Amino acid sequence: NVGSGFSCNYTITDDVAPELEMPADLDGDITCSDISLEAATGFANNTLTQSERQAFLQSARALFISNGLIPLGTSDDCNGSDWDEISIDVTLSDSCDALATLICTFVAVDDCGNTSEEIASELNIIDNTAPVITCPADAVVSCTDDISPAALGMATATDDCGGDVTVDFADSDVSGTCPEVFTRTWTATDACGNASTCAQIITIADEEAPVFDLGCQFDFELFTSQG
């Protein structure tokens, strides 16, 4: 005996989120020459103008891409999926290990709107670059001239992270006799201990004849009248 049969309708639902495929290493280092620490600080403190904020975000995205810190792809059991960047944030620090950290957060979304867990990658702004130092010009002086930095010039320095730079100098021993020469070595040190040096050559030239000193004085008129 054969029954009349029946039919079944099956509905396949997709309620499983896709997965992000991320690189093995989720953090990297960049320097202040790669992105402005001042801009990162302004972004974190929300003091940038809208155009400055957009410019910073564009630079940050480019760095995450160039450093390979974006998703490699996504996977989903049922249908297509893709990844999205949902935020870029900045945290600040007083440590030279990471003056600031850029954090980019990603999710995967499939065609049914299921969203994966968030995964973030990080870029640390470090300072491992010495300041750029510029020495004053070499100098030629006489024996009686002022040879202090106030008279012969001070070295100047700039740092790519924009922090304070300490500038010091040390003089070498004098060599030679006519002329005498010594080197003034200038050192610029930034807040993270990176240092650069330059040399200023100072020449002491003796171009004045000595003055003859008799050691006593005569009354010429008295001397001649009694002679």
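**Entry 1**

I looked up Arg61 and found it partly exposed, because its relative accessibility is 33%. My cut-offs: buried means under 20% relative accessible area, exposed means over 50%, and partly exposed lies in between, with a 1.4 Å probe and protein chains only. I am working on a predicted model, where local features need pLDDT of at least 70, side-chain atom pairs count only at pLDDT 80 or more, and totals for chains, interfaces and linings use all residues. I count residues from 1 along each chain as its sequence is written, and side-chain values use heavy atoms, with hydrogens and water left out.

Which side chain does Arg61 meet in a salt bridge? I found Glu85, at 2.8 Å from N to O. Arg61 sits in helix α2 (residues 50–66) and Glu85 in strand β4 (residues 81–92), so I noted a link between distant parts of the chain, 24 residues apart. For the term, I used this: a side-chain nitrogen of Lys or Arg within 4 Å of a carboxyl oxygen of Asp or Glu. Helices (H or I, at least four residues) and strands (E, at least two) are DSSP runs, numbered from the N terminus. Glu85 is partly exposed too, at 29% relative accessibility.

**Entry 1: the other salt bridge**

I searched on and got 2 salt bridges in the structure. Arg184 pairs with Asp171, and their closest N and O atoms are 2.7 Å apart. Arg184 belongs to strand β11 and Asp171 to strand β10, so this pair ties together parts that are 13 residues apart in sequence. Is Arg184 buried or exposed? I noted it as buried, at 2% relative accessibility. Asp171 is partly exposed, with a relative accessible area of 38%.

**Entry 2: the sheet around β11**

Next I traced the sheet. I found an open sheet of 4 strands in the order β8-β12-β11-β10, with mixed pairing. β8 (139–141) and β10 (165–171) stand at the edges with a single partner strand each, so one side of each has no neighbour in the sheet. From one strand to the next, the twist averages 25 degrees. For that angle, axes are lines fitted to C-alpha atoms (for helices over the stretch in contact), and angles run from 0 to 180 degrees between N-to-C directions.

How many bridges join β11 to β12? I counted 10, between residues 180–190 and residues 195–204, and the two strands run antiparallel. As a reminder to myself, strands of a sheet pair through backbone hydrogen bonds, either parallel or antiparallel. Two strands count as paired if DSSP finds at least two bridges between them. One bridge I checked pairs Thr183 with Ile201 in β12.

**Entry 3: the disulfides**

Then I turned to the cysteines. A disulfide is a covalent bond between the sulfur atoms of two cysteines. My cut-off was a pair of cysteine sulfur atoms within 2.5 Å. Searching the whole structure, I found 3 disulfides.

Cys32 and Cys161 are bonded, with sulfur atoms 1.9 Å apart. The torsion about their S-S bond is about 90 degrees, so I wrote down right-handed. Cys32 is in the loop between β2 (27–31) and α1 (37–44), and Cys161 in the loop between β9 (156–158) and β10, so the bond ties together parts 129 residues apart in sequence. Both Cys32 and Cys161 are buried.

Cys96 and Cys192 form another disulfide, at 2.1 Å between sulfur atoms. This one is left-handed, with -95 degrees about the S-S bond. Cys96 lies in the loop between β4 and β5 (100–110) and Cys192 in the loop between β11 and β12, 96 residues apart. Cys96 is partly exposed at 31%, and Cys192 is partly exposed at 22%.

Cys135 joins Cys198, S to S 2.1 Å. Their link is right-handed, with 95 degrees about the S-S bond. I placed Cys135 in the loop between β7 (132–134) and β8, and Cys198 in strand β12, 63 residues apart. Cys135 is partly exposed at 22% relative accessibility, whereas Cys198 is buried at 15%.

What is the pairing when the bonded cysteines are numbered in sequence order? I got 1-4, 2-5, 3-6.

Cys78 is partly exposed, at 48%. I also looked up Cys143, which counts as exposed because its relative accessibility is 54%.
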